[in-house]
Amino acid sequence: MSRFPVRKQKHKLFLLLLFSVTLLFIIIGFLISLKWGQAAISWRVLFEAITFQGQTKEHLYIQTLRMPRTIMAFIIGCHMALAGLLTQLITRNPIASPHVFGINAGASLSVVIGLIMFSHFTLTASIYFAFLGAVLGAFLVFSLAGIQQKQPIQLALAGIAVHFLLSSLTEGLIIMNEQSTDSMMFWLVGAVDQASWLEIQTILPWSAIGVTVLLLMLPSFRLLLLNDDVAVGLGQRILFVKLCGMLVVILLAGSAVATCGPIGFIGLIVPHIARSLAGNRLSLLVPFTGLLGGMLLVYADFFSRFIAYPYESPVGILTAIIGGPFFIYLARKKGASLA
Amino acid sequence: MHQWIKRMLSFAVISALILSLIACGNSGKNEAKTEVQKNNKEEAIEIEHALGTTVLDKRPEKIVVLEFSYTDALMTLDVQPIGIADDDNPDLFMDDVKEKLNDYTSIGSRYEPNIEILSSLQPDLIIADLNHHKAIYDQLKGIAPTIVLDDHQADYNQMLDNYLLIAKAVGKEAEGKARLEEHKQKIEEAKQKLGDTDMTVLPAVTNPEGFFAHSDHSYTGSFLASIGFDDPVKSEDSYPELSLEQLVETNPQAIFLLPATENTIVDEWKKNPLWQGIDAVKTNKVFTVERRDWALSRGLISSEKMAEDIVENLGEK
């Protein structure tokens, strides 16, 4: 934990700049997201709509459709990125993410089961189903691999195996119930385009709980950066800390999947970018990861509108296009150190 | 010891999961033998179809169809298929088709027909779809003479062409032509009752996740066009997903909703003031019709039902 006093001042300046640039990009992202969509809207109308004056069609587009959609993209991006960061910390595995670790697949599977079994399947119910599935997915992975941090390879293999098992079951269910699950293929890649204020209201409490627990546990999570043996030596109940971490991951990833479907790769790539920019100090890394994740998904959602313009395409396509190559890059780069 | 317990536990959890899924997937098979009418006429039939030419030595008696529209076609020709890929759900047939349909064996999903059951029926004709069954064409050909039609993505006029091909394949070309004339007559009558058709009409399948417009390239869209209406969604894609914003911009003057589930996204949209701004909503021209009639059956019978629905809702009163 040694510091370099000479560079300290510079480093602080850099961080300040980093956060302000990120905030600026987030604001720009929100603005372009609100400004451009299927209907043309002038800057003037945009300003009126944001300040909630005016009730014309154009104002309503922004107030009731584009705004919740953009906010939802930000929230989901935050959730996914933070969940990814936590899984990477808990497992000490750089290629860990809720997506690769059975949590997304488990949540998807149980939401699809719910959609097939109940015709009146509400959003709130789907969130609980997603939690259940996320727990199941995580449980499967950890029962296969154990929670000792000594076996990152086993964990990665178990995670991928469970991910594919659960995804194949989900797809099997969809094929067998093609009629009731018509557009679920669309849902399976994840999309925020239908987000409404109601959905934001539903997911916000979970964001609040997840982030609060995360912040409260921050000092303990810091020990996850250490070796397990050292942490135990320092008197930490490492298992308890890890379980709390998993709980937060399940809350964040589960509620995100239930609301918008599994949007892949955000949880994988954002923590890496954040870490390379903001460093390893959790009190900086955690908020920066959240902001960066939200920002990335806002931009991804914005660009996904133009894939099949003027019709919608799921944002998950875009995150997969960016995330796939990044995953391969990480696997190659870290492959040596892991093996 | 501990390791052993852990392994057994995870194995048990995974097996239980798989078993429960298999259990809820496989239900409602239609296992019934069918009497096939015997009506032998010894003449070869040659059919040109999407993947080549198939020669049938005699009029086929045991026919297996892999798409709903083929059942619709066979019903108009008084031919009973012995096997149908019905997605394991007989409720997907429209009532008029179901009434005429005898017992048959389900071949399972239209997307993944069960080849084993199919071959055990020993059919002498299989009618398949270009998009879904191209990959298994060789396999099907090995079981029985197979004709492949571009049907699932077909528009209305293509369906009429396909209909004549099917009629020819089952040795009822003359009956088919006559029935087609009758169909055109019925549609013409419907057109008369409609009067002015100068308006935009949008059919759309809805479910909880989205609003899927049937564009001018889709079957329903092209049917609406053939009777004079205008499908406001112009797209190469047959079923593009519309956001509420795009729907409001499209502003159709009438909407036919084909809900796939009980609750759909439209329930949410109705709460949004933008929904009230759509012309069709303002003039009370949003109608709900059966999806199996409009989007699944896709044949003469269903088109006539569509015409009926349209006349009932939009006809001159």
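Predicted model: local features only at pLDDT ≥ 70, side-chain atom pairs only at ≥ 80, totals over all residues.
Is Glu290(B) buried, partly exposed or exposed, and what is its relative accessible area? Glu290(B) is partly exposed, and its relative accessible area is 39%.

**Salt bridges in chain B**

- Over all chains, a search of the whole structure finds 22 salt bridges.
- Glu290(B) is the partner of Arg292(B) in a salt bridge whose closest N and O atoms are 3.0 Å apart. Arg292(B) counts as buried because its relative accessibility is 19% and the limit for a buried residue is under 20%, whereas Glu290(B), at 39%, is partly exposed.
- Glu67(B) forms a salt bridge with Arg110(B), and the closest N and O atoms of this pair lie 3.1 Å apart. The pair links distant parts of the chain, 43 residues apart, since Arg110(B) belongs to the loop between strand 5 (105-106) and helix 4 (115-120) of chain B, while Glu67(B) belongs to the loop between strand 3 (63-65) and helix 2 (68-76) of chain B.
- Arg110(B) is buried at 1% relative accessibility, and Glu67(B) is buried with a relative accessible area of 0%.
- Glu67(B) also meets the side chain of Arg298(B) in a salt bridge, at 3.3 Å from N to O. Arg298(B) and Glu67(B) are both buried.
- Through shared partners, salt bridges join Glu67(B), Asp87(B), Arg110(B), Asp151(B) and Arg298(B) into one network.

**The parallel sheet of chain B**

- Five strands of chain B form an open sheet with parallel pairing, in the order 5-4-3-6-7. Strand 5 and strand 7 (146-149) of chain B stand at the edges, and because each has a single partner strand, one side of each is left without a neighbour in the sheet.
- Strand 4 (residues 83-84) of chain B runs parallel to strand 5 of chain B, and two bridges join them. Across this pairing, Ile84(B) stands opposite Ser106(B), which is in strand 5 of chain B.

**Helix 2 of chain B**

- Helix 2 of chain B is mostly covered, as nine of its nine residues are buried. The buried residues are Phe68(B), Ser69(B), Tyr70(B), Thr71(B), Asp72(B), Ala73(B), Leu74(B), Met75(B) and Thr76(B).

**Chain A: helices and a charged patch**

- Chain A has 14 helices and zero strands. Of the 339 residues in chain A, 57% are buried.
- Lys8(A), Lys12(A), Arg222(A) and Arg281(A) form a positive surface patch. One of these residues, Arg222(A), is found in the loop between helix 9 (218-221) and helix 10 (228-233) of chain A.
- Arg222(A) is partly exposed, with a relative accessible area of 39%, and this value passes the requirement of over 30% relative accessible area that applies to residues of a patch.

Technical notes:
Residues numbered from 1 in each chain as written. Chains lettered and ligands numbered in written order. Heavy atoms only, no water. Patch = residues over 30% accessible without salt bridge, like charges linked within 9 Å, V, L, I, M, F, W, Y side chains within 5 Å. Areas by Shrake-Rupley, 256 points an atom, 1.4 Å probe, with all protein chains shown as cover. Salt bridge = Lys/Arg side-chain N within 4 Å of Asp/Glu carboxyl O. Lys, Arg positive; Asp, Glu negative; His and termini not counted. Charge placed at Lys NZ, Arg CZ, Asp CG, Glu CD. Helix = DSSP H or I, 4+ residues; strand = E, 2+ residues; numbered from the N terminus. Buried < 20%, exposed > 50% of the residue type's maximum accessible area, 1.4 Å probe, protein only. Pairing = 2+ DSSP bridges.
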